[in-house]
Amino acid sequence: MHLCSDKDIEKKKSRRVILDPHAVLLDAALEGELEHVKQVIKNVEDPSTANSDGITALHNSVCGNHLSIVQFLVQYGCDVNLPDSHGWTPLHCAAVNNNLKVVQFLVEHGACIFATTNLERKTPAQCCDTTATGFFECSQYLQDIELNFGLVNGGRVYALYAYSASEQDELSFECGEELRVLRRGDNNEKEWWWAEGGRGQAGYIPRNLLGLFPRVAPEV
């Protein structure tokens with residue numbers, strides 16, 4: 001019988017694999033392991049940190065159709081609008097899955113309605129999968145939001161990021177600021193809308209930084 005010496009024990013300890021908590025978080029979010037996500041996220045400095053492809057834990061939970069994990073991550077403080085390396089936000093991913101419940105949750109927690117992908121410049125409403133179940137309901141919901149965005153609720157929309165004007169006719173605003181859309185673009189410019197800020201100034205604002213709801217502050 002061989003008894004392990006102190007040196008043998010130290011060698012075994014040195015061979016233990018220390019898993020990167022961020023990588024574990026990404027895997028757990030994709031696999032739908034909510035309790036594991038809740039535990040490992042405590043060891044991650046920034047839960048919105050992306051991998052080399054720009055994928056975050058929130059992207060993975062959305063792609064896996066795990067609503068409970070999506071809800072937890074957003075309420076924990078994950079950036080609901082962070083795009084991957086191709087410009088796909090979590091809302092784009094939810095749309096391509098035709099997952100109406102996830103889409104609604106993201107919209108109601110500050111997702112950018114008019115965020116566009118890098119190459120094809122697609123909004124989430126244009127990403128719904130025509131060949132998969134749930135296409136009509138998901139597509140109709142997102143199209144209705146695009147159609148009525150800036151018209152309902154007295155034109156009120158919310159800035160999801162801060163913006164500093166670079167031209168005289170643009171309007172600066174802070175993240176979370178309530179804005180009122182006065183005109184949804186014109187013949188020359190569809191992606192910049194004329195709006196009024198909280199201090200009464202008016203100017204053009206980029207629609208891709210706006211949401212129907214403000215970003216929700218983390219609960220933890």
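**Notebook: overall form of a predicted chain**

I began with the radius of gyration, which is 21 Å for the protein chain, whereas a compact globule of 220 residues would have one near 17 Å. I note that the model is predicted. I then looked up the extent along the principal axes: the C-alpha atoms of the protein chain fill a box of roughly 85 × 40 × 30 Å.

Next I turned to the secondary structure. I counted 8 helices and 5 strands in the protein chain. Reading from the N terminus, I recorded the order α-α-α-α-α-α-α-α-β-β-β-β-β.

I checked the UniProt record for annotated regions. The record, an unreviewed entry, lists residues 152-215 as "domain: SH3". Over residues 152-215 I found 0% helix and 34% strand. The end C-alpha atoms of this stretch lie 19 Å apart.

I then asked how the chain packs. Of the 220 residues in the protein chain, 42% are buried, where buried stands for under 20% relative accessible area. For contacts with a separation of 6 or more, I noted that 60% are made by residues 24 or more positions apart.

I recorded 30 negative and 19 positive side chains in the protein chain. The centres of the two sets of charges are 6 Å apart.

Definitions and conventions. Residues are numbered from 1 along each chain as its sequence is written. This is a predicted model: local features need pLDDT of at least 70, side-chain atom pairs count only at pLDDT 80 or more; totals for chains, interfaces and linings use all residues. Side-chain values use heavy atoms; hydrogens and water are left out. Helices (H or I, at least four residues) and strands (E, at least two) are DSSP runs, numbered from the N terminus. The radius of gyration is taken over C-alpha atoms; the globule rule is 2.2 Å times the number of residues to the power 0.38. Buried means under 20% relative accessible area, exposed over 50%, partly exposed in between (1.4 Å probe, protein chains only). Contact means heavy atoms within 4.5 Å. Lys and Arg count as positive and Asp and Glu as negative; His and the chain ends are not counted. The place of a charge is taken as NZ of Lys, CZ of Arg, CG of Asp or CD of Glu. UniProt positions are given in the numbering used here, feature names are shortened, and annotations may be inferred rather than shown by experiment.
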